Structures are given as C-alpha cells and as structure tokens.
Amino acid sequence: MDKNQIDGFLKSELIGRLGCFDGNKMYVVPITYAYNNGYIYGHTKDGLKIHMMRNNPNVCFEIDWMKDMNNWKSVIVYGTFEELKGEDANNGLEILMKSIMSNLDRKSYPTEASDHENHGIENYAFQHSFLSPFLHNKNNEIFEIVVYRIKVNEATGKFGNNIESTANN
C-alpha cells in the first residue's frame, strides 16, 4: 500500500489495536480511534495503557479488514504517544467524535423516511453513550477522561496480494 492508501484505510476504520510496552510486558488492547493529519486520536480512563504509554511513549497500532482469505488489508503504525490537556484535549475529542459519526453515517443507511427524521436523536444517543462510561462508575464516582494522540512516525500496509510498502511521515 502507498501512503494515500494507508491514510485512506486509517480514516475508514473505527477500531484498532494499540500495543504498548513498559520494559517488562507487552499490552495490546482494542481502542476506538480517529485518524487526522498524521495522528491517531483516542480517549480512555486513566489505567494500565495510559500508565504504560506515559512511561514509554513508543507504541504500535494496527488495523485490519478481511472479507475472505484473498480480500484483506492490514496497516501497522509505529508512533509516539502524546497526552492532550485543556483545549488540545477538547479538540482531540471533537476530532474523535466527528470521525466516528462520519464513519457511522457512511456505514449505516436508513431504509425508511422516518429513519431520516430520527437520525439526530440517534446521534445524540451515540454521543451520550460515547462518553457516559467515562463519567460514572457503579458508585457514581466521576472519572477523568484521558485524551491522547499517537504521532504516526512510520506506517506499513499490506493487502490481499501481499504487496507491501512503507510510508514515512
């Protein structure tokens, strides 16, 4: 895959796997993400992956798609973690929300006119469900949302016929 194909594929997906290393163990976890201008944006609760990335900001990120054994794509990104604060965090969340909503809009097609009328309500419900796990736990305590981005330093992509290329940013 060339750089444009890699960028297009990164923009088209919503779920990827983030790999981090703390010097003793590897940790790979699925995340919801957005890709924008050479960065992968994500958000989470303060936990294991954030602690590991704060200690070692060098990470790996992977996405893939497979229709069958002959029709598939995969991209691996090597990048650097950056925690976002204040206005940068707000901008990161906005990028994440817009990307997710755009991907969901593109991948779901209303079948009846009434479905179009409720689309705004569905978006509002999604926005609430997107953030609500981070606002309260079972004891109704408020969690801090950690917003971060990964600067893409290198990306490699392959697809069904095993042609490989590397894109450096």
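Which residue forms a salt bridge with R149? The partner is E82, and the closest N and O atoms are 3.0 Å apart. A salt bridge here is a side-chain nitrogen of Lys or Arg within 4 Å of a carboxyl oxygen of Asp or Glu. This is a predicted model: local features need pLDDT of at least 70, side-chain atom pairs count only at pLDDT 80 or more, and totals for chains, interfaces and linings use all residues. Residues are numbered from 1 along each chain as its sequence is written, and side-chain values use heavy atoms, with hydrogens and water left out.

**Overall layout**

- The protein has 5 helices and 8 strands. Helices (H or I, at least four residues) and strands (E, at least two) are DSSP runs, numbered from the N terminus.
- Along the sequence, the pattern runs α-β-β-β-β-α-β-β-α-α-α-β-β.
- The protein has 169 residues, and 35% of them count as buried. Buried means under 20% relative accessible area, exposed means over 50%, and partly exposed lies in between (1.4 Å probe, protein chains only).
- The accessible surface comes to about 10,000 Å². Carbon and sulfur atoms account for 51% of that surface. Such areas come from the Shrake-Rupley method with a 1.4 Å probe; for residues, only the protein chains shown count as cover.
- Take the contacts between residues at least 6 apart in sequence: 67% of them join residues at least 24 apart. Contact means heavy atoms within 4.5 Å.

**The nonpolar cores**

- A nonpolar core is a set of buried Ala, Val, Leu, Ile, Met, Phe, Trp, Tyr and Cys residues joined through side-chain atoms within 4.5 Å.
- The largest such core has 25 residues. L10, L18, M53 and F61 touch the most other members.
- Several elements give two or more residues to this core: α1 (3-12), β1 (15-21), β2, α2 (48-55), β5 (58-68), β6 (71-84) and β7 (145-159).
- Strand β7 gives the largest share, 5 residues.
- M53 touches L18, C20, V59, F81, Y148 and I150, with residues up to four places away in sequence not counted.
- There is also a second, separate core of 10 residues. Its members include L14, A34, Y41 and I100.

**Salt bridges**

- The structure holds 8 salt bridges.
- R17 pairs with D64, with the closest N and O atoms 2.7 Å apart. R17 is in strand β1 and D64 is in strand β5, so this pair ties together parts that are 47 residues apart in sequence.
- Both ends of that pair are partly exposed: R17 has a relative accessible area of 28%, and D64 has 38%.
- R54 pairs with E83, with the closest N and O atoms 2.8 Å apart. R54 sits in helix α2 and E83 in strand β6, so the bridge ties together parts that are 29 residues apart in sequence.
- R54 is partly exposed at 36% relative accessible area. E83 is partly exposed at 22%.
- Now return to R149 and E82, which form a salt bridge. R149 lies in strand β7 and E82 in strand β6, so the pair ties together parts that are 67 residues apart in sequence.
- R149 is buried, because its relative accessible area is 18%. E82 is partly exposed at 32%.
- Salt bridges that share partners join D46, R54, E83 and K85 into one network.

**Close-up: Y33**

- Y33 lies in the loop between β2 (26-32) and β3 (34-36).
- Its relative accessibility is 0%, so Y33 counts as buried.
- A polar atom of the Y33 side chain lies 2.8 Å from the backbone oxygen of L10.
- Y33 and L18 are 15 residues apart in sequence, and their C-alpha atoms are 9.9 Å apart in space.

**Close-up: G160**

- G160 is in the loop between β7 and β8 (164-168).
- At 24% relative accessibility, G160 is partly exposed.
- G160 is in contact with N70 and W72, leaving aside neighbours within four places in sequence.
- G160 and M69 are 91 residues apart in sequence, yet 7.6 Å apart in space, C-alpha to C-alpha.

Conventions:
A polar contact is a pair of N or O atoms within 3.5 Å; within protein, one must be able to donate a hydrogen and the other to accept it, and residues adjacent in sequence count only if both atoms are side-chain atoms.
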